[in-house]
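Open the model in your viewer and keep the sequence panel beside it.

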Amino acid sequence: MSTEVRQMFSSIATRYDVTNEVLSLGIHRLWRRAAVRYSAAKEGDRVLDCATGTGDLALAFKRKVGASGQVVGTDFCAEMLQSAPAKASEAGLVVDFQVADAMALPFAEASFDVASIAFGIRNVDDPVKCLKEMARVVKPGGRVVVLEFGQPEGAFGALFRFYSKTIMPAIGGLLTGNRAAYEYLPRTAAAFPAGERFLALMDQTGAYRERVAHPMTFGTSYVYVGTVR
């Protein structure tokens, strides 16, 4: 799956930010701010953002940790990273961007205070391995933060499913020329474990002494926070 996913993101990379802004109505910005807040990152911390894409969450963390902190953003798709350095420069922020696989991170154990991944863990071949690898590079007592889509229920859930299956592929395809990518993304989000089921994946790693799920926008997304043993 990794090769196919990498090729898919490569094909939509240049239009990813615009399409994401349109499809989410800007709500993704609120979710990322919540992820930073729940991470408890502070000035001077060292943060790793996996599957950073064009760098939005990495930049949010850099604003939090300040000049004395360090943020490293990694992604396994080089094309997704291409616009990230310029985006950081325009914001007056210094972030180190590197090509790396979230399941095989090129960092020593206990190198970071916080590790994060936003809307990326459902695209890795082995989410449990990814969660364990992220915990490996975080100091004991540090936190791993995962922002991922959920499956809202009730009337809002029905509306969200209609939007995901019908509107997203149409608009995403129009803006990027790759409708299949915007059929794949909501389909994987709908199938991926959410809430307590995702916390069970974290438990399988044996790497976390505490973990909690914070639902966002009626369960449309979740911020998961695990405290590393």
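Angles under 35 degrees count as roughly parallel, over 145 as roughly antiparallel, 65 to 115 as roughly perpendicular, and the rest as oblique. Keep in mind that this is a predicted model.

**Stop 1: the helix pair**

Select residues 127-136, helix H7, and residues 196-205, helix H10. Their axes lie 9 Å apart, and the helices pack at an angle of about 60°. H7 and H10 are therefore oblique to each other. Their crossing is right-handed.

Now show side chains at the contact. On the H7 side, pick Pro127, Val128, Leu131 and Lys132; on the H10 side, pick Phe198, Leu201, Met202, Gln204 and Thr205. Coloured by class, the residues of this contact come out as 6 nonpolar, 2 polar and 1 charged.

**Stop 2**

Keep H7 selected and bring back the rest of the model. How many residues of H7 are buried? The count is 7 of 10, so H7 is largely enclosed by the rest of the structure. The buried positions in H7 are Pro127, Val128, Cys130, Leu131, Glu133, Met134 and Ala135.

To see what covers these buried residues, select H10 together with strands; the cover includes E1, E4 (112-118), E5 (138-149), E6 (208-216) and E7 (221-228).

**Stop 3: aspartate 49**

Move to strand E1, residues 46-50, and select aspartate 49 within the strand. Is this aspartate buried or exposed? Aspartate 49 is buried, with a relative accessible area of 1%.

Leaving out residues up to four places away in sequence, aspartate 49 touches Leu57, Ala58, Val72, Gly73, Thr74, Ser116 and Ile117. For a distance check, draw a line from the C-alpha of aspartate 49 to that of valine 71: the two are 7.4 Å apart in space and 22 residues apart in sequence.

**Stop 4: the cysteines**

Finally, select cysteine 50 and cysteine 130 and display their sulfur atoms. How many disulfides does the structure hold? There are 0. Cysteine 50 is in no disulfide, and the nearest cysteine sulfur, that of cysteine 130, is 6.1 Å away.

Cysteine 50 is buried, with a relative accessible area of 0%. Cysteine 130 is buried as well, with a relative accessible area of 0%.

Conventions. Residues numbered from 1 in each chain as written. Predicted model: local features only at pLDDT ≥ 70, side-chain atom pairs only at ≥ 80, totals over all residues. Heavy atoms only, no water. Disulfide = S-S within 2.5 Å. Buried < 20%, exposed > 50% of the residue type's maximum accessible area, 1.4 Å probe, protein only. Axes fitted to C-alpha atoms, helices over the stretch in contact; angles between N-to-C directions. Helix = DSSP H or I, 4+ residues; strand = E, 2+ residues; numbered from the N terminus. Left-handed = near helix turned anticlockwise from the far one by under 90°. Contact = heavy atoms within 4.5 Å. Nonpolar A, V, L, I, M, F, W, Y, C, P; charged D, E, K, R; others polar.
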